[in-house]
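Dear colleague,

I am handing over the structure below, and after it I set out what was found in it. Please read the notes alongside the coordinates.

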Amino acid sequence: MLNDYTLIRLVLLLRKSITEVVKRRMKFYFKKPCVFSVISPSSGQKLKPKAMKRLHVNIGVHNLQESVAFYSALFATEPTVLKPDYAKWMLEDQRVNFAISAHGAQAGIEHLGIQAESPEELQEVYTRLEKAKGTIRQEGATTCCYAQSEKSWIQDPQGVEWETFYTFGEATT
């Protein structure tokens, strides 16, 4: 039997999935998200969903203007906040693929990435990489991190590595 917290998470994921399907298939954009009420099967009480969290990443840069141009192209949107020494993008896609590994040369941030859900989405991301005007390193089809993927790499103006990839299978290594 599902507990109340698991049930809320499933409803929130379903709500986001339905909203995304409608956005993509019908090219219709909601001004406000769909609202669902969840009733606890154990108590019959209306449950209040917990607020969704947002991953935060802050990268120190040497040239703000150059970096704003790079990230605006990579994210396909302009910053939400732009100041002489600061820029912030409040990206709406909250999904995160967070991984750690013990095989790198140094501890710390190894790289950041954008994972596509389909080959078509990967092509869209590749178009953004070209607009970001960095040197793109095509890795192509590869086996890495226990998965089979198609991937490319680019560095931001500070040298932070960005991986773009589509995973299409599992691997043993």
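Strands β7 (residues 147-155) and β8 (residues 161-170) pair in the antiparallel sense over 9 bridges, where strands are DSSP runs of E of at least two residues, helices are runs of H or I of at least four residues, both are numbered from the N terminus, and two strands pair if DSSP finds at least two bridges between them. The model is a predicted one, in which local features need pLDDT of at least 70 and side-chain atom pairs count only at pLDDT 80 or more, while totals for chains, interfaces and linings use all residues. Residues are numbered from 1 along each chain as its sequence is written, and side-chain values use heavy atoms, with hydrogens and water left out.

β7 and β8 form a hairpin with 5 residues between them, and G159 in the turn has a positive phi of about 95°. Within this pair, E150 has Y166 of β8 as its bridge partner. Apart from neighbours within four places in sequence, Y166 is in contact (heavy atoms within 4.5 Å) with A116, E117, S118, P119, L122, Q148, S149 and E150. The C-alpha atoms of Y166 and I114 are separated by 8.8 Å, although the two residues lie 52 residues apart along the chain.

Taken as a whole, the open sheet has 4 strands in the order β5-β8-β7-β6, with mixed pairing. Its edge strands, each pairing on one side only, are β5 (112-116) and β6 (137-144). On average, neighbouring strands are turned by 25° against each other, direction ignored.

Helix α2 lies across β5, β7 and β8 and runs at about 20° to β8; axes are lines fitted to C-alpha atoms, for helices over the stretch in contact, and angles run from 0 to 180 degrees between N-to-C directions. The axes of α2 (residues 64-75) and α3 (residues 119-132) come within 7 Å and cross at roughly 165°, and the two helices are therefore roughly antiparallel to each other (angles over 145 degrees count as such). Their contact is made by F70, A73, L74 and F75 of α2 and by R128, L129, K131 and A132 of α3.

As for confidence, the mean pLDDT (the predictor's confidence in each residue, from 0 to 100) of the chain is 74, and 60% of its residues reach 70 or more. Over residues 21-36 pLDDT stays under 50, and the model has 13 contacts beyond four places in sequence for them. Where pLDDT is low, the predicted coordinates should not be read in detail.

Definitions and conventions:
Angles under 35 degrees count as roughly parallel, over 145 as roughly antiparallel, 65 to 115 as roughly perpendicular and the rest as oblique.
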